[in-house]
Amino acid sequence: MTAFAVRHGGSRQLAGTGTLLRFALRRDRLLIPVWIAVDALMVLSMPGTLEGLYGTPAERAGLVRQMATNSSLRAMVGPVFGDSLGALTAWRVGIYAGALAAVMSLLVVVRHTRDEEESGRQELVASGTVGRRASLTAALLAAAVANAVLALLVTAGLAGQGAAGALALGLGIAGVGMVFATMAAIVAQLTESARLARGLTAAVLGTAFVLRAAGDAGTDDGSSVLTWLSPLGWLENLRPYAAERWWVLALLAGAVVLQGALAYALAGRRDLGMSFLPTRPGPASGRLGTAGALAWRLQRGAVLGWSIGFFLAGVVYGGMTEGAADLVGDNADARRIIERMGGQSGLTDAFLASMIGMLGLVAALWIVASVLRLHGEETSGRAEPVLANAVGRLRWAAGHLVIAFGGAAWIMLLAGLGFAVGYGRQVGPVLAACLVQLPAVWVVGGVAVLLHGVLPRAAVAAWGVAGAVLLIGWVGPALDVPRAVLDVSPFGHLPKLPGGSMEWGPVAVLTGVAVLLVAGGLAGLRRRDMLT
């Protein structure tokens with residue numbers, strides 16, 4: 001990427017890249033380590049978990065045979081290419097580790113490119129001795145550093161299972177991350193909004209997951225054309241610990257180079273702050289005549305995308321419920337982990353509860369992103385014209401918070417409807433189980449509101465809170481961590497539905513905590529100076 005930039009303008013195009021890179025890494029000193037920790041721990045914890053579940057070669061061989069005939073689970077986690085602990089680790093978490101690396105990378109790149117232009121900070125930076133492509137290069141290098149650290153941790157942590165397989169998995173995960181980093185760099189040139197850039201790149205990632213899932217559902221060896229159309233499918237077909245296909249890395253590297261070259265070419269053909277797909281202007285009248293209507297216009301695309309995603313996730317998880325029960329069979333250790341995630345109940349209910357709990361954890365990401373839309377509007381200066389009219393701060397904030405907190409309820413409701421479509425049973429209990437996740441989701445959103453209202457310059461730390469909750473919820477049960485650690489997360493206090501008994505006390509307490517956090521954040525917002 002750097003060589004391409006040099007050929008198109010010399011070293012002046014990259015002047016200041018080192019300084020901008022150090023600044024980007026300093027700004028992301030919380031965001032990047034949290035994402036890396038969640039991703040790496042998810043991968044590195046899996047060999048021990050699998051060894052406890054399938055401790056003998058016969059049990060592992062049986063798992064491989066069962067997966068060959070279970071299309072619903074193949075759609076979820078991909079086919080199995082070997083029965084070693086390393087191969088099973090790559091099968092179980094490889095796709096999800098690649099997806100998390102992709103999300104981390106697109107957030108980093110958009111944050112340091114389009115976000116900077118949208119806020120006006122890039123114009124100030126560009127007035128100094130800074131090359132035209134320095135910001136883009138620094139953003140991509142920051143993503144490269146993050147993915148390199150992740151690859152190093154995965155390789156070192158899994159080396160005991162086999163050095164070659166560990167290196168292949170580490171490079172594959174990092175390669176997927178960089179594919180979506182360069183994809184985000186392209187989208188950031190095409191759009192005028194950082195929100196839209198993140199949303200479109202995330203939509204590409206979602207499409208990649210769906211293509212891979214559809215391909216793997218039809219074949220048990222990853223050979224489907226649909227699988228090969230997805231970068232996640234490339235990671236799968238790299239086959240770590242199963243006669244590695246090293247040439248697949250060339251696909252990832254080629255995509256990174258081509259997309260990086262296109263991003264640099266686009267960056268050199270537009271003015272600062274402009275885009276190839278400019279936002280259509282329009283008068284703030286009619287349906288945009290109120291702060292709430294404006295907030296809805298700004299966030300409706302995200303609401304639509306998350307709604308579709310949660311409904312489809314519910315359909316997929318619901319459809320694989322029976323298959324998951326068949327796969328676990330009489331394996332006591334697997335049953336114990338699922339029940340630890342989903343509560344002490346029948347295996348099917350415990351599996352449903354654990355999958356619904358996972359969607360609740362993902363909903364925490366939605367509410368943080370939606371609440372921090374307030375932060376983006378404020379730092380970009382767009383909030384000032386709104387507040388200069390007869391709109392108070394609380395009414396302005398309320399428009400976004402209604403969407404954030406109400407949107408969380410909406411997407412969890414859609415997830416429940418998706419489960420009803422995919423599973424076809426226990427519609428009422430499943431819907432109740434989805435909605436009971438909301439108090440914990442709202443607590444995470446309340447933390448984001450409090451940070452934005454009281455410590456606005458540290459508002460991005462809300463992502464760290466969401467990452468910690470994800471880490472505890474996803475990895476904690478598999479590692480059999482103490483109950484006290486699980487209880488750090490608000491999700492650890494929720495009743496395990498369906499199958500368990502409804503406990504209104506924790507639900508009421510968590511709802512009250514969320515209300516207090518939001519009230520504290522709004523009180524701070526009302527009293528402090530606005531960011532500029």
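What share of the contacts between residues at least 6 apart in sequence joins residues at least 24 apart? In the protein chain that share is 76%, with contact meaning heavy atoms within 4.5 Å.

## The model

This is a predicted model, where local features need pLDDT of at least 70, side-chain atom pairs count only at pLDDT 80 or more, and totals for chains, interfaces and linings use all residues. Residues are numbered from 1 along each chain as its sequence is written, and side-chain values use heavy atoms, leaving out hydrogens and water.

## The chain overall

The protein chain has 27 helices and 0 strands; these are DSSP runs numbered from the N terminus (helices H or I, at least four residues; strands E, at least two). Of its 532 residues, 54% count as buried, that is, under 20% relative accessible area with a 1.4 Å probe, protein chains only.

## Where α4 meets α7

Helix α4 (residues 46-53) and helix α7 (residues 85-111) have axes that come within 9 Å and cross at roughly 110°. The axes are lines fitted to C-alpha atoms over the stretch in contact, with angles from 0 to 180 degrees between N-to-C directions. That makes α4 roughly perpendicular to α7 (the label covers 65 to 115 degrees).

On the α4 side, Met-46, Pro-47, Leu-50 and Glu-51 take part; they meet Leu-85, Leu-88, Thr-89, Arg-92 and Val-93 of α7.

## A look at Thr-227

Thr-227 sits in helix α13 (residues 225-228) and counts as buried, because its relative accessibility is 0%. Leaving aside residues up to four places away in sequence, Thr-227 touches several others, including Leu-211, Arg-212, Trp-234 and Asn-237. Its C-alpha atom lies 9.7 Å from that of Ala-217, 10 residues away along the chain.

Terms used. Buried means under 20% relative accessible area, exposed over 50%, partly exposed in between (1.4 Å probe, protein chains only). Angles under 35 degrees count as roughly parallel, over 145 as roughly antiparallel, 65 to 115 as roughly perpendicular and the rest as oblique.
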